[in-house]
Amino acid sequence: MADVKIEKVFKRYSNLEVMHGVGVDIDDGEFVVLVGPSGCGKSTLLRMIAGLEEISEGTIRIGGRIVNDVPPKDRDIAMVFQSYALYPHKTVFDNIGFPLKMAKRPQAEIKEKVHKAADILDLSKLLDRYPKQLSGGQRQRVAMGRAIVRDPQVFLFDEPLSNLDAKLRVTMRVEIKELHQRLKTTIVYVTHDQIEAMTMADKIVVMRDGRVEQIGAPLDLYDHPRNVFVAGFIGSPAMNFIHGTIKNISASKQFVSESGLTLPIPPTDAADGQTVTYGVRPEHILVGAGGIPVKVVVTEPTGSETQIFARAGKDMIDAIVKQRISAAPGEEIGFIIDPANVHLFDRKTEQRI
């Protein structure tokens with residue numbers, strides 16, 4: 001096992017700079033997820049850790065060793081890709097053992113390590129099968145087994161679950177997390193799916209346009225997003241955002257939206273007249289008498305909860321409630337917002353106030 005230190009890393013293609021001084025510290029045995037929208041640089045950063053992309057400037061250390069100029073095969077890492085990249089003409093046993101065969105390891109060692117990896121991944125009964133005889137989840141486990149037998153210092157996962165259906169993704173999330181708990185190896189995992197990031201990571205690195213927006217534990221990012229981007233990206237459904245102004249009303253500060261809606265806020269340093277973005281998560285809104293009057297647009301019952309899209313003036317607000325509500329479109333109901341669950345961001349800088 002080893003830690004990974006990414007220090008002021010830049011990536012340029014001719015005159016185009018796509019990574020702008022990225023710095024991330026990954027502790028030994030930590031499960032770190034790089035998350036962000038397409039084109040944010042997360043896969044590029046992973047490939048630079050692996051040695052598949054050159055670093056234009058900066059330093060990457062694995063286990064204290066600078067690996068900027070070290071070939072991928074000598075970095076003691078193993079990578080699992082989005083595509084399984086299995087050899088169709090080889091059995092599961094031969095696919096898993098292929099890295100050891102290429103390293104000219106003794107046959108007895110190959111057999112021992114393949115069977116050990118197969119036991120960990122519940123593949124022992126499938127070792128004589130070929131990839132075409134496996135399900136998508138089984139193929140992904142074979143790809144993971146091929147990485148495990150190398151006993152690397154660091155595992156790198158590049159969106160490994162993207163090709164699986166929703167139910168299987170949930171199953172594989174649990175299996176990968178359980179694998180990490182067993183092996184206690186450092187894992188760097190790339191995904192665009194913030195649910196994967198929230199459920200799997202010890203630490204999340206949120207990226208945008210080749211920069212790190214925020215680093216922290218999943219619930220830290222959920223409870224204390226640094227800016228509007230992180231607030232909107234972390235959490236599903238996404239946080240509601242309403243633009244407006246802080247105003248002193250009856251000796252207390254309140255938020256007044258651009259359409260004239262007055263909403264409660266927590267104690268804040270925002271100045272009277274400051275333009276802000278008001279944020280509240282759908283799951284932090286209750287329905288009841290005495291709340292903010294809104295007109296229902298659509299209700300979406302899912303059994304365990306009901307999602308309500310309602311309009312307050314010009315602003316659309318999304319709420320998730322546990323009770324079953326069958327409100328007709330156009331019907332007026334009340335949304336109750338606890339000020340303790342409200343986030344305020346400066347409108348110009350988009351930074352948390």
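How close do the axes of α2 and α3 come, and at what angle do they cross?

## The packing of α2 and α3

In this predicted model, the axes of α2 and α3 come within 9 Å and cross at roughly 130 degrees. Two packed helices are described by the distance between their axes and the angle between them.

## Residues in the contact

On the α2 side, the contact involves F93, I96, G97, L100 and K101. These residues meet Q107, I110, K111, K113, V114, H115 and A117 of α3. Taken by class, the residues of this contact comprise six nonpolar, three polar and three charged.

## The largest pocket

The largest pocket of the model has a volume of about 590 Å³. Its lining is made up of 25 residues. Those that lie nearest the centre of the pocket are I77, A78, M79, P99 and R150.

Four elements are named as giving two or more residues to this lining: β6 (77-80), α2 (92-102), α3 (107-120) and α4 (136-148). Helix α2 gives the most, with four residues.

Which classes of residue make up the lining of the largest pocket? There are 17 nonpolar and eight charged residues, and no polar ones. The contact of α2 with α3, by comparison, includes three polar residues.

Notes
Residues numbered from 1 in each chain as written. Predicted model: local features only at pLDDT ≥ 70, side-chain atom pairs only at ≥ 80, totals over all residues. Heavy atoms only, no water. 1 Å grid on protein atoms, 1.4 Å probe; cavity = no way out; pocket = protein on both sides within 12 Å on 5 of 7 lines; lining within 4 Å. Points joined across faces, edges and corners; volume = space filled by probe spheres on them. Nonpolar A, V, L, I, M, F, W, Y, C, P; charged D, E, K, R; others polar. Axes fitted to C-alpha atoms, helices over the stretch in contact; angles between N-to-C directions. Contact = heavy atoms within 4.5 Å.
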